[in-house]
Amino acid sequence: DASAVPPCSIALGNAAMRTPPDVEVVRRFPFEGGHLTFQEGRSNPTASIADLEDLLRHVLRSELRLHENAIRSSSVIVALPDGSDLEEIVELVDLLLARLHFSSCLVHPELVCSCFGAGLSNACVVDIGESRTVVGFVEEGVLVPETMLLLPYGMRDVHETFHWLLRRCGLTTDVCDIRASSVDACELRALAEGIFCSLIDY
């Protein structure tokens, strides 16, 4: 339904994911594989930071309904993707403090935040993301760098394999393109995670 897309040149968040397949759009993702993306042949992630700023402003104002004064008096915690380099950290902190005007910022590794969220100080953490998987040990609230393993595949690859299996069984057609169509990707994700793919405790 084309009416679901707002009549403007930019669609953010859920509106961008609901774009009909027949509408020509350019989709940009600020992060890919846990790192800021480099767009339009640039040697620095300036375009990704600008996109991320637009996205965060949209979420803060439209979804969380925070006004400028509320943002200026708020602090923010960044669960930093594991393996981020110093330039990315500086860019993210600059975005949050200098451009979005948060009062303070705490940056912490994702794997450690996962442990704290579960109430643990020691754990082996397996983080399966959209395009990568990270495995690492956290000991006494500190990530042990030598144990960290970055694998270049994630849930997107699981969904693509699931789609391949459905095609082999004749249950879907090649018309479904989960890389080009966000509608196809969302439907396949709901089908895989809701019915067929699950974790079983032994």
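**Around F102**

Visitor: Which residues does F102 touch, leaving out those up to four places away in sequence?
Guide: In this predicted model, F102 touches L60, I71, R72, S74, S75, V76, L96 and L97, with residues up to four places away in sequence not counted.

Visitor: What core is F102 part of?
Guide: F102 belongs to the largest nonpolar core, which has 11 residues.

Visitor: What lies apart from it?
Guide: Another core, of 8 residues. Among them are A123, V125, V134 and L143.

Visitor: Zoom out. How many helices and strands are in the chain?
Guide: The chain has 7 helices and 8 strands.

Visitor: And how much of it counts as buried?
Guide: Of its 202 residues, 28% are buried.

Visitor: How many of the contacts join residues at least 24 apart?
Guide: Take the contacts between residues at least 6 apart in sequence. Of those, 50% join residues at least 24 apart.

Visitor: New topic. What is the phi of H101?
Guide: Phi of H101 is near 65°. That is a positive value in a residue other than glycine.

Visitor: Why point that out?
Guide: Most residues other than glycine have a negative phi.

Visitor: Where does H101 lie?
Guide: H101 sits in the loop between helix 4 and strand 4 (104-109).

Visitor: Why does H101 count as partly exposed?
Guide: Because its relative accessibility is 27%. Partly exposed runs between the buried cut-off, under 20%, and the exposed one, over 50%.

Visitor: What about E140, what is its phi?
Guide: Phi of E140 is near 55°, also positive in a residue other than glycine. E140 is in the loop between strand 6 and strand 7 (142-143).

Visitor: Is E140 buried or exposed?
Guide: Exposed, because its relative accessible area is 59%.

Visitor: Last one. Where is confidence lowest, and where highest?
Guide: Helix 7 (residues 182-196) is lowest, at a mean of 69. Strand 6 (residues 133-139) is highest, at 91.

Visitor: And the mean pLDDT of the chain?
Guide: It is 79, and 78% of the residues reach 70 or more. Where pLDDT is low, the predicted coordinates should not be read in detail.

Definitions and conventions. Residues numbered from 1 in each chain as written. Predicted model: local features only at pLDDT ≥ 70, side-chain atom pairs only at ≥ 80, totals over all residues. Heavy atoms only, no water. Helix = DSSP H or I, 4+ residues; strand = E, 2+ residues; numbered from the N terminus. Buried < 20%, exposed > 50% of the residue type's maximum accessible area, 1.4 Å probe, protein only. Contact = heavy atoms within 4.5 Å. Core = buried A, V, L, I, M, F, W, Y, C linked by side-chain atoms within 4.5 Å. pLDDT = per-residue confidence, 0-100.
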